[in-house]
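Hi everyone, thanks for coming.

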Amino acid sequence: MKLVKSVKAAFAVSAAAGALFGLCLFIWPDLSAGMLCVAIGALMLLSGVIRLTGYFSNDIYRLAFQFDLAAGLLSMLVGGVLIFRRSQIMVLLPVIVGIVVLMDSVLRLQTALDARHFGMEKWWLILAAAAVGALIGLLLLVRPLEGGRLLRRVTGLSLMAHGAEDLITVLYAVKAPRRASAQRPIIETSFRITDED
């Protein structure tokens, strides 16, 4: 129970940090490419570790982290490449971000539909956030050669959408199991012994 709550809190903080960094990139698109690679790579490494931990946690619904064994490993791999090979792939950064955001958003679409089958009332929020994330991620892939401030602003927008999508998913689709005493209420009974001759 504690692990699920810790992972939920860590994932929420990570998602909020990603969205905040995307907002900063949207407002200040002139950040250096090297700094962008390191910052995005660090966020992806952190997200990957949290996703892997979430996959092995005792989440009741098993929705938010159901794909996170593969997604967590991929996120860590891409994050490491962005940090340690940034000079070779700085030009491809918008494409890499677009692929990651699009892939994660498509998986979240399934999470939203599964949440609907579970009867969750807020499933449509996950669906809407995933659809927006997928569209913006696709936008980065369709026009990856447009350089300059506009491309960086779209990259920032995609990071904002991705962070918001993860935040909504973890808030509404992760549920920690209750304590055993809460799951199994004690039923009190009373009886009286009488002597029968």
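**Starting from one leucine**

Let's begin with Leu-93, which counts as buried at 5% relative accessibility. By buried I mean under 20% relative accessible area, while exposed is over 50% and partly exposed is in between, with a 1.4 Å probe and protein chains only. Before I go on, this is a predicted model, where local features need pLDDT of at least 70, side-chain atom pairs count only at pLDDT 80 or more, and totals for chains, interfaces and linings use all residues. Residues are numbered from 1 along each chain as its sequence is written, and side-chain values use heavy atoms, with hydrogens and water left out.

So where does Leu-93 sit? It's in helix H5, residues 93-117. Helices here are DSSP runs of H or I with at least four residues, strands are E runs of at least two, and both are numbered from the N terminus. And what does Leu-93 touch, not counting residues up to four places away in sequence? Leu-36, Cys-37, Ile-40 and Leu-82, where contact means heavy atoms within 4.5 Å. Take Leu-82: it is 11 residues from Leu-93 along the chain, and their C-alpha atoms are separated by 8.2 Å.

Now zoom out. The protein chain has eight helices and zero strands. Buried residues make up 39% of its 197 residues. If you take the contacts between residues at least 6 apart in sequence, 79% join residues at least 24 apart.

**How the helices pack**

Two packed helices are described by the angle between their axes and the distance between the axes. Axes are lines fitted to C-alpha atoms, for helices over the stretch in contact, and angles run from 0 to 180 degrees between N-to-C directions.

First pair: H1, residues 2-27, and H2, residues 33-55, have axes that come within 10 Å and cross at roughly 160°. That makes H1 roughly antiparallel to H2; the cut-offs are under 35 degrees for roughly parallel, over 145 for roughly antiparallel, 65 to 115 for roughly perpendicular, and oblique for the rest. The crossing of H1 and H2 is left-handed, meaning the near helix is turned anticlockwise from the far one by less than a right angle, with clockwise being right-handed. Among the residues making this contact are Phe-11 and Phe-21 of H1, plus Leu-36 and Ile-40 of H2. By class, the H1 and H2 contact has 13 nonpolar, five polar and one charged. Nonpolar here is Ala, Val, Leu, Ile, Met, Phe, Trp, Tyr, Cys and Pro, charged is Asp, Glu, Lys and Arg, and the others, Gly among them, are polar.

H1 also packs with H7, residues 149-173, at about 160°, with the axes 7 Å apart. H1 is roughly antiparallel to H7 as well, and their crossing is left-handed. That contact has 16 nonpolar, five polar and four charged residues.

Thr-155 lies in H7 and is buried, with a relative accessible area of 4%. Beyond its neighbours within four places in sequence, Thr-155 contacts Leu-25, Pro-94, Val-97 and Leu-140. His-162 is also in H7, and at 14% it counts as buried. Leaving out residues up to four places away, His-162 touches Arg-51, Val-101 and Asp-104.

Last one: how many disulfides does the whole structure have? Zero, taking a disulfide as a pair of cysteine sulfur atoms within 2.5 Å. Cys-24 is partly exposed at 26%, whereas Cys-37 is buried at 0%.
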